[in-house]
Amino acid sequence: MRIRVLAFARLREILNAAETTVELRDGACIRDAWAALAASCPALEEHAASTRVACNSKLVAFEHALHDGDEIALLPPVGGG
Amino acid sequence: MFAVVREPIDPRTFDDPIRPGDGGAVRFFGVVRSRADDGRAVHGLSYEAFEPLAIAEFERIAGEARERFGDVALAIVHRIGEIGVGEVSVAVVASAAHRDAAFDACRYAIDELKRRAPIWKKERYADGSARWRENESVS
């Protein structure tokens with residue numbers, strides 16, 4: 001299945017893209033998407049613990065199961081205000 | 001009103017209405033400082049947001065404020081993009097029957113926005129360097 005990935009702030013810079021896609025096996029979860037991204041971009045790994053994730057604009061856990069066409073967002077620690 | 005905007009927020013004309021019949025309204029404007037916490041001269045800030053989730057978070061914060069402080073009307077507007085020193089990055093307006101609830105709700109809203117709204121800023125310094133600045137950690 002194909003998942004759309006949005007990345008923000010420092011994670012966008014690390015991935016060198018605001019938006020990308022990953023191909024995953026059926027039954028994969030967000031942690032698998034993260035692992036696929038980190039495989040091609042190892043600098044991502046050290047940010048795993050501080051990153052929150054959303055699926056289709058709702059905050060979810062890394063164990064959240066994905067479906068073809070889902071859009072996930074990688075959210076580093078925030079700095080608004 | 002809950003919004004993420006790209007155009008300047010002018011504190012003199014920011015016109016979110018004071019709710020008819022209310023007895024007090026508190027307006028907070030967050031402004032880009034000329035100096036970073038470490039004293040370095042700041043040229044400006046670059047903000048970005050995950051807009052659908054940011055607006056949903058503003059609405060959630062307003063709902064929590066009503067649970068805590070009673071019947072309070074809140075408006076939260078955050079600007080994104082390049083923002084210069086002295087310009088407004090965020091505006092929060094709280095209107096309520098009495099001032100205590102308006103002050104409390106305004107403070108709650110800006111504090112919670114900083115803690116958890118999916119918005120990010122990069123501090124750009126006069127010497128040309130830049131770095132991402134994080135607020136206090138989120139549980």
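Which residue is the bridge partner of B:Ala3 in E4(B)? It is B:Val77. The model here is a predicted one, with local features needing pLDDT of at least 70, side-chain atom pairs counting only at pLDDT 80 or more, and totals for chains, interfaces and linings using all residues. Residues are numbered from 1 along each chain as its sequence is written, while chains are lettered from A and ligands numbered from 1 in the order in which they are written.

The Ala3–Val77 pair of chain B belongs to a set of 4 bridges that join E1(B) to the parallel strand E4 (residues 72–79) of chain B. Helices (H or I, at least four residues) and strands (E, at least two) are DSSP runs numbered from the N terminus, and two strands count as paired if DSSP finds at least two bridges between them. On that basis chain B has an open, mixed sheet of 4 strands, ordered E1-E4-E6-E2. Strand E1 (2–5) and strand E2 (24–31) of chain B sit at its edges, each pairing on one side only. Neighbouring strands of this sheet are turned by 10 degrees against each other on average, direction ignored; axes are lines fitted to C-alpha atoms, for helices over the stretch in contact, and angles run from 0 to 180 degrees between N-to-C directions.

Helix H1 (residues 51–69) of chain B touches E1 and E4 of chain B, and its direction makes about 155 degrees with that of E4(B). Helix H2 (residues 99–116) of chain B touches E2, E4 and strand E6 (88–96) of chain B, at about 150 degrees to E6(B). The buried residues of H2(B) (20 or more other C-beta atoms within 10 Å of their own, again placed from the backbone) include B:Ala105, B:Tyr108 and B:Leu113. Among what covers them are E2, H1, E4 and E6 of chain B.

Chain A has its own open sheet, with 5 strands in the order E2-E1-E5-E3-E4 and mixed pairing. Strand E2 (19–23) and strand E4 (58–60) of chain A each have a single partner strand, so one side of each is left without a neighbour in the sheet. The twist averages 35 degrees from one strand to the next. Strand E1 (residues 2–7) of chain A runs antiparallel to E2(A), joined by 5 bridges, and A:Arg4 stands opposite A:Thr21 in E2(A).

Note on methods: Contact = placed C-beta atoms within 7 Å. Buried ≥ 20, exposed ≤ 12 C-beta atoms within 10 Å, placed from the backbone.
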